[in-house]
Amino acid sequence: MNTPSQRRIAVAGAGLLGRLLAWRLLRDGHAVTLYDAGALDTPPAAAWTAAGMVAPLAETVVSERCVYDMGRVALTRWPEWLAELEAPELWHQHGSLVVAHPQDENELTQFRRDLDDALGAPPGYRELDAAGVHALEPGLTGFRHGLFLADEAHLDNRELLTRLLEAIHALGGDCHGHTPVETHPGEVTTPAGRRAFDLVIDCRGHGARPRHPTLRGVRGETLHVHTDEVRLSRPVRLMHPRYQLYVVPKPGGRFVIGATSIESEDRSPISLQSSLELASALYTLSPAFAEARILEQGVNLRPAFRDNLPHVSREDGLIGANGLFRHGYLLAPAVVDHVLAEIRDQGERPFAAVLSEAAPQESLA
């Protein structure tokens with residue numbers, strides 16, 4: 001029988017949580033088998049579609065205080081982990097910029113007030129005039145005011161997922177793509193039959209709904225474009241009465257644009273209305289985007305519980321970690337730390353009151 005320090009562990013779901021946990025557990029000396037229902041090189045996970053922002057301040061105004069606190073952990077943990085992956089270049093901590101067109105400046109004012117109410121002083125942002133906005137992002141024009149959230153960051157998320165998979169392989173992880181599983185205490189069921197493990201960790205996101213009836217998918221849509229006419233050094237958020245558009249720069253002149261959060265589990269392609277709104281808002285941010293080429297229109301489902309907070313469940317032989325909602329890269333480090341502390345039965349669990357709390361069980365109807 002394996003000792004507690006060297007266990008056979010199955011990780012179901014090769015999204016962000018699954019890859020991080022498999023990588024860390026392999027580094028701890030465990031034998032890890034990673035399963036995913038889709039392809040491993042281009043995973044169907046929300047983490048692949050996401051923009052990769054680590055923005056605790058910007059998300060505070062629409063989230064619980066604990067999201068901000070867990071996000072502060074992410075700002076420390078990501079640079080540490082990326083150094084261990086020998087991929088520090090994937091981390092970009094240049095802050096983020098929040099702007100609004102002159103006719104919508106009341107939205108920017110309300111955003112600032114919400115930050116003050118949520119966090120108090122010092123709020124962690126710097127107010128900018130037109131010259132300050134231009135100094136940070138010369139490619140933006142027509143903005144008289146802005147807020148600079150200096151501590152925030154973003155990741156090259158797709159390259160991160162690729163590097164994590166490479167590290168898992170290099171450490172001897174047993175990886176199975178196109179292999180849907182059902183999880184049970186101490187075993188998984190695959191198309192080839194049942195297989196026993198000392199521990200099973202279920203990180204399947206929306207795919208874990210059979211085990212979590214209150215888990216829902218929240219539709220998110222993104223637009224990926226390429227242009228050499230625009231340079232941005234950091235994520236930019238555009239306040240608008242109907243939506244908050246975000247634009248995140250990626251290597252090679254690529255940008256990810258998003259805004260939508262739709263209470264629907266529809267995975268069909270992006271709607272014409274959403275596509276037009278995203279493209280139009282992007283053009284108003286900078287007319288130089290007019291000649292950008294659309295590379296991809298992404299749609300995915302963010303896994304969320306009724307309270308929109310992550311939860312970690314545990315029974316003998318089975319741990320479930322789910323519900324990152326729209327905060328995947330912001331909350332994943334704190335969730336991973338918590339799960340690892342549970343497995344090691346040691347280490348601090350500062351967010352146990354939130355993560356270990358049972359997920360809400362109200363009806364989804």
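Guide: Start with strands β5 (residues 96-100) and β15 (residues 236-239), which run parallel and are joined by 4 bridges. Strands here are DSSP runs (E, at least two residues), and helices are runs of H or I with at least four residues, numbered from the N terminus. Two strands pair if DSSP finds at least two bridges between them.

Visitor: Experimental or predicted?

Guide: This is a predicted model: local features need pLDDT of at least 70, side-chain atom pairs count only at pLDDT 80 or more, and totals for chains, interfaces and linings use all residues. Residues are numbered from 1 along each chain as its sequence is written, and side-chain values use heavy atoms, leaving out hydrogens and water.

Visitor: Which residue is the bridge partner of V99 in β15?

Guide: L238.

Visitor: What order do the strands of the open sheet take?

Guide: The 8 strands go β6-β7-β5-β15-β16-β17-β14-β18, with mixed pairing. β6 (126-129) and β18 (293-304) each have a single partner strand, so one side of each has no neighbour in the sheet.

Visitor: Now α1. How many of its residues are buried?

Guide: 11 of 12, where buried means under 20% relative accessible area with a 1.4 Å probe, protein chains only. Among them are L16, L20 and W23. After α1 comes G29, with a positive phi near 100 degrees.

Visitor: What does L20 touch?

Guide: Beyond neighbours within four places in sequence, L20 is in contact (heavy atoms within 4.5 Å) with W78, W81, L164, A332 and V336.

Technical notes. Buried < 20%, exposed > 50% of the residue type's maximum accessible area, 1.4 Å probe, protein only.
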